[in-house]
Amino acid sequence: MQAQGLFSRFLRRTALLAAGVALSAPAWALDMGQLMQNMGQYKERTGRFVETRHMKVLDKPLRSSGEVRYVAPQLFEKKTVEPAAELLRVDGDALRVERGGKTYNVRLSSQPQAAAFVDVIVGLLTGDAGKLERSYDYELKGTAKKWTLAMVPKDARMKAIISKVIASGDKEQVRTIEYQQADGDRSVMVIEPLAKR
């Protein structure tokens with residue numbers, strides 16, 4: 001009888017503990033709405049990046065570095081300083097690339113594949129889940145302190161180029177963005193903490 005009572009108390013305590021864990025789990029988990037709210041709370045961000053491209057046809061990865069800048073609500077610039085100067089500027093629907101003394105202007109609405117590339121970083125910095133959802137199916141893991149967002153292109157033509165994009169960070173900081181190409185090549189951009197205003 002005493003053993004039965006001890007067993008019953010053990011079961012009750014186990015059930016209470018399990019219920020407590022279940023109730024506390026959402027406090028630790030991170031959902032997309034919370035991540036986007038954290039990301040989109042700043043009007044301006046600036047920082048530095050180092051990008052490494054791993055290509056099967058090359059013995060060594062290609063490395064570039066420079067600065068990134070975001071100004072709400074829709075301006076993003078990626079300014080490569082080394083090994084050669086290049087400017088990628090997104091202002092709403094307008095994409096401008098300056099490279100080798102030439103300038104290229106594109107409307108992202110007319111180039112969905114280019115838009116899908118841009119949507120990742122601009123969508124994250126603006127905290128715009130809709131921009132990400134337009135081009136990607138995604139899976140968010142982790143907590144507010146350390147999160148990973150894996151994105152797979154929805155468009156079959158895009159998927160033939162990019163198989164997956166993985167962004168990771170902590171709190172409202174994007175730390176890395178990795179583009180995994182369908183042909184096995186990949187690029188990883190590491191972003192130093194972005195100054196916020």
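Author: Let us start with Gly127, which in this predicted model lies in the loop between helix 3 (112–126) and helix 4 (129–135).

Reader: What makes Gly127 count as partly exposed?

Author: The relative accessibility of Gly127 is 21%, and the term buried is kept for values under 20%, while exposed is kept for values over 50%. Because 21% falls in between, Gly127 counts as partly exposed.

Reader: Which residues is Gly127 in contact with, leaving aside its neighbours within four places in sequence?

Author: They are Met36, Met39 and Gly40, and the word contact is used because heavy atoms lie within 4.5 Å. The C-alpha atom of Gly127 is also separated by 7.3 Å from that of Asn38, although these two residues are 89 residues apart along the chain.

Reader: Why is Glu77 called buried?

Author: Glu77 has a relative accessible area of 14%, and since buried means under 20%, the word applies to Glu77.

Reader: How do you know that Glu77 and Arg69 meet in a salt bridge?

Author: The N to O distance between the side chains of Glu77 and Arg69 is 3.4 Å, and a salt bridge requires a side-chain nitrogen of Lys or Arg within 4 Å of a carboxyl oxygen of Asp or Glu. The pair therefore meets the definition, as 3.4 Å is within 4 Å. In general, side chains of opposite charge can pair when their charged atoms come close.

Reader: What makes the pair of Arg89 and Glu77 a salt bridge?

Author: Here the closest N and O atoms are 2.4 Å apart, which is again within 4 Å, so the name holds. Arg89 lies in strand 4 and Glu77 in strand 3, so this pair ties together parts that are twelve residues apart in sequence.

Reader: Are Arg69 and Arg89 buried, partly exposed or exposed?

Author: Arg69 has 29% relative accessibility and counts as partly exposed, and Arg89, with a relative accessible area of 29%, is partly exposed too.

Reader: Which residues make the nonpolar surface patch of about 350 Å²?

Author: Met55, Val57, Leu58 and Leu62 make the patch. Leu62 is found in strand 2 (residues 62–71), and at 42% relative accessibility Leu62 counts as partly exposed. A patch residue needs over 30% relative accessible area, so the 42% of Leu62 passes that cut-off.

Reader: What makes up the lining of the largest pocket?

Author: The largest pocket has a volume of about 750 Å³ and is lined by 27 residues, of which Glu51, Arg53, Lys78, Leu88 and Phe117 lie nearest its centre. The largest share of the lining, five residues, comes from helix 3.

Reader: How many helices and strands are there in the protein chain?

Author: The secondary structure comes to five helices and twelve strands, and buried residues make up 34% of the 197 residues.

Definitions and conventions
Residues are numbered from 1 along each chain as its sequence is written. This is a predicted model: local features need pLDDT of at least 70, side-chain atom pairs count only at pLDDT 80 or more; totals for chains, interfaces and linings use all residues. Side-chain values use heavy atoms; hydrogens and water are left out. Helices (H or I, at least four residues) and strands (E, at least two) are DSSP runs, numbered from the N terminus. Buried means under 20% relative accessible area, exposed over 50%, partly exposed in between (1.4 Å probe, protein chains only). Patches are made of residues with over 30% relative accessible area and no salt bridge: like charges are joined within 9 Å, nonpolar side chains (Val, Leu, Ile, Met, Phe, Trp, Tyr) within 5 Å. Accessible areas come from the Shrake-Rupley method with a 1.4 Å probe; for residues, only the protein chains shown count as cover. On a 1 Å grid over the protein atoms alone, a cavity is a set of points where a 1.4 Å probe fits but cannot get out, and a pocket is an open set with protein on both sides within 12 Å along at least five of seven lines; lining residues have an atom within 4 Å of a point. Grid points are joined across faces, edges and corners, and a volume is the space filled by probe spheres set on the points.
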